[in-house]
Amino acid sequence: MKHTKVKDLLNSTKTIHEVTAKGWVRTFRNNQFIALNDGSTIHNIQCVVDFENTPETTLKRITTGAAISVTGELAESQGAGQKYEIQVKKLEILGDSDAEKFPMQPKKHSLEFLRENAHLRVRTNAFGAIMRVRSALSFAVHQYFQQKGFVYVNTPIITGSDAEGAGEMFQVSALPFDNTPRTEEGKVNYKEDFFGKQTNLTVSGQLEAETYAMALGQVYTFGPTFRAENSNTSRHLAEFWMIEPEVAFNDLAANMDLAEDFIKYVVKYAVDNCADDLKFLEGRLTEEEKQKPQAERSEMALLEKLQFVLENNFKRVSYTEAVDILRDSTPNKKKKFQYLIEEWGADLQSEHERFLVEKHFKCPVILFDYPAKIKAFYMRLNDNTEPGKETVRAMDILFPGIGEIVGGSQREERLDVLIEKMKALGIDEEELWWYLDTRRFGSAVHSGFGLGFERLVLFVTGMTNIRDVIPFPRTPMNAEF
Ligand code: 4AD
Ligand code: MG
């Protein structure tokens with residue numbers, strides 16, 4: 001018999017004479033009540049076993065984690081908390097789960113423990129909810145851009161370029177580890193490699209997306225991105241997913257409008273479509289907050305925080321204004337936070353960003369017009385800036401509790417200025433000949449940004465460690481699977 005998803009059974013408008021559900025046992029109480037979860041919803045369906053007519057050997061096999069199939073009547077439930085339950089007529093054990101050995105016991109586990117069991121943690125309520133929200137958000141990303149007529153572009157994962165110029169690449173070799181050709185000095189000889197040159201995993205699809213924007217107008221990428229930086233923080237992964245729209249004829253202001261509208265759209269999609277999961281995650285978070293001292297507790301509950309972002313404009317502030325604010329703010333004597341920033345031109349540290357967002361403006365902030373020196377080569381140089389104080393049309397979006405969620409810019413569309421900049425930074429013109437062609441043939445003002453997908457999922461789910469919002473986190477400590 002065909003089985004029905006638990007979500008649909010719980011949303012039924014009537015009792016049904018016979019239904020079949022399949023899923024995994026969460027708990028089994030009093031030899032009678034099974035809480036069955038099939039992943040379609042945070043909620044379990046209660047299955048009432050006719051224990052007097054069920055063999056003892058079968059009852060013993062109804063253990064946490066076991067896969068079962070139940071058939072019976074979908075009846076109104078007498079118990080509190082659920083409208084319907086299944087009065088089981090036929091029960092089949094599909095796959096046993098040794099109660100002694102199954103790591104996901106029906107109790108609260110620490111997130112650290114769950115991270116070590118990334119393949120099983122999705123069987124918990126919290127991770128089921130997080131992964132459903134993540135899936136809904138990715139759908140919303142595509143829906144937003146597709147509705148606006150953007151073309152989805154798949155940019156290469158293996159590439160010869162370092163889009164960000166930060167040297168944070170994982171090198172790729174097509175040869176077996178022990179067979180890599182070496183030069184006399186012992187260095188890898190890329191000339192003999194499959195690709196004939198040094199290749200790496202992409203740090204961003206932006207440069208390739210730019211070439212497509214200059215033909216298709218509005219494009220976006222959504223794919224895996226790799227950074228060999230020290231990702232041992234709660235905000236960094238070695239492998240993360242990035243969404244990068246790129247739009248011809250958009251200037252920096254239009255870029256900011258797009259980013260803000262896009263973020264609000266996807267957050268609203270999650271609020272509207274993941275209500276049960278978000279309510280569960282909010283409850284989890286509230287419990288966690290209670291463990292903290294009063295002063296450190298978040299002022300808003302999760303859904304309130306999401307609503308706040310939807311209803312308020314992001315504050316747009318130039319880098320120079322931000323530095324003035326930081327200079328004027330009182331440094332904390334205990335040195336826990338040293339808000340002071342010494343000089344114009346320095347990159348903002350995450351404590352500065354958090355101060356601006358969480359203490360000063362208390363809302364998402366778009367910082368723009370950064371010093372040219374601290375940003376990537378492709379950003380549009382602002383006209384009329386003082387020598388030594390050149391700024392570029394960059395923008396970073398900072399979110400409460402997260403810090404930087406988006407990095408983007410208007411791009412340098414002038415060939416001569418771009419080449420000059422690359423020369424100054426030692427970037428090989430020959431290597432990027434194809435990129436420079438966009439400026440040689442029909443160049444135009446264009447802009448784009450990159451949104452770190454996991455940082456968005458962090459914000460929406462209220463989780464605090466980025467390892468908990470991607471199915472299998474890749475970090476220096478964690479790549480077992
Ligand atoms: O600021 P980033 O480095 O910008 C770029 O890569 C541009 N090429 C984007 C563009 O303009 N098309 O990265 C963009 C975003 C960051 O704001 C952050 O949200 C996320 O990607 N990000 C990371 N997320 C998780 N782990 C990491 N190691 C990340 N590095 C960046
Ligand atoms: Mg950045």
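**Hairpin of β1 and β2.** I began with the hairpin of β1 and β2, where 3 residues sit between the strands and N30 takes a positive phi near 50°. Strands here are DSSP runs of E with at least two residues, and helices are runs of H or I with at least four, numbered from the N terminus. This is a predicted model, where local features need pLDDT of at least 70, side-chain atom pairs count only at pLDDT 80 or more, and totals for chains, interfaces and linings use all residues. Residues are numbered from 1 along each chain as its sequence is written, while chains are lettered from A and ligands numbered from 1 in the order in which they are written.

**Partners of β1.** I looked up pairing next (two strands pair if DSSP finds at least two bridges between them). β1 and β2 (33–37) are antiparallel over 5 bridges, and R29 has F33 as its bridge partner. β1 (16–29) also pairs with β4 (67–76), antiparallel over 7 bridges; there G23 partners I68.

**An open sheet.** I then found 3 strands in the order β7-β9-β8, paired antiparallel. β7 (158–159) and β8 (171–172) are the edge strands, each pairing on one side only. For β7 and β9 (199–201) I noted 2 bridges, with I158 opposite L201.

**Around ligand 1.** Which residues are closest? I got S204, Q206, G407, G450 and G452, out of 24 surrounding residues (near means that the C-beta atom, placed from the backbone, lies within 6 Å). β15 gives the most to this shell, 6 residues. Elements giving two or more include β11 (239–248) and α13 (453–461).
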